[in-house]
Amino acid sequence: MKYLNKILETNEIAPDMREQAERLYLESKERAEKLLTFGEDAQLMLSNHLMALIKRILERKLLDPMEEEMFNEISEKAWEYADRIVGPLFEEAGMEKSRTELFLVGTHVEMAMATEMAG
């Protein structure tokens, strides 16, 4: 909840999508927090990314696919966690999961895992 109003404003979420976007955001953030601990900065970046992704899903305007070789930049565990965090968003929207969108969430996961490992 800490960043929610600012993120809704920053991402220009339309009033008619606001309630659904807020619910999806809170559900995704809860899934993320059950898996990993995100520092203050990481939390803000992930939160902003989640809302931007939710907006793209609700508007059905996903990012263009990335080059396949980029996908090797994150671990299998990061892929798995990204899918657990945002996969349900695609499922609820009846959309095929975007590897590009999962990868981008996975980069946040990878950073959080590295921070946890560093202690």
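**Helices and their neighbours**

Guide: The axes of α3 and α5 come within 11 Å and cross at roughly 170 degrees. Axes here are lines fitted to C-alpha atoms, for helices over the stretch in contact, with angles from 0 to 180 degrees between N-to-C directions. The model is predicted: local features need pLDDT of at least 70, side-chain atom pairs count only at pLDDT 80 or more, and totals for chains, interfaces and linings use all residues. Residues are numbered from 1 along each chain as its sequence is written, and side-chain values use heavy atoms, leaving out hydrogens and water.

Visitor: What makes α3 roughly antiparallel to α5?

Guide: The angle is roughly 170 degrees. Angles under 35 degrees count as roughly parallel, over 145 as roughly antiparallel, 65 to 115 as roughly perpendicular and the rest as oblique. So α3 is roughly antiparallel to α5.

Visitor: Which residues of α3 and α5 meet?

Guide: M45, L46, H49, L53 and R56 in α3 meet E101, L104, V105, H108 and M111 in α5. Contact means heavy atoms within 4.5 Å.

Visitor: Why is V105 called buried?

Guide: Buried means under 20% relative accessible area, exposed over 50%, partly exposed in between (1.4 Å probe, protein chains only). V105 has a relative accessible area of 0%, so V105 is buried. V105 lies in helix α5. Not counting residues up to four places away in sequence, V105 touches H49, L53, A82 and V86.

Visitor: Why is α2 called oblique to α3?

Guide: The axes of α2 (residues 15–35) and α3 (residues 40–59) come within 10 Å and cross at roughly 135 degrees. That angle makes α2 oblique to α3. The crossing is right-handed. A crossing is right-handed if the near helix is turned clockwise from the far one by less than a right angle, and left-handed if anticlockwise.

Visitor: How do you know that the span of α3 agrees with its number of residues?

Guide: The expected span is 1.5 Å times one less than the number of residues. For the 20 residues of α3 that should be 28 Å. The end C-alpha atoms are 29 Å apart, which agrees. Helices themselves are DSSP runs (H or I, at least four residues), numbered from the N terminus.

Visitor: What do the buried residues of α3 pack against?

Guide: They pack against α1 (4–10), α2, α4 (76–93) and α5 (99–118). Among these buried residues are L46, H49, L50 and L53. After α3 comes R60, with a positive phi near 55 degrees.

Terms used
Helix = DSSP H or I, 4+ residues; strand = E, 2+ residues; numbered from the N terminus.
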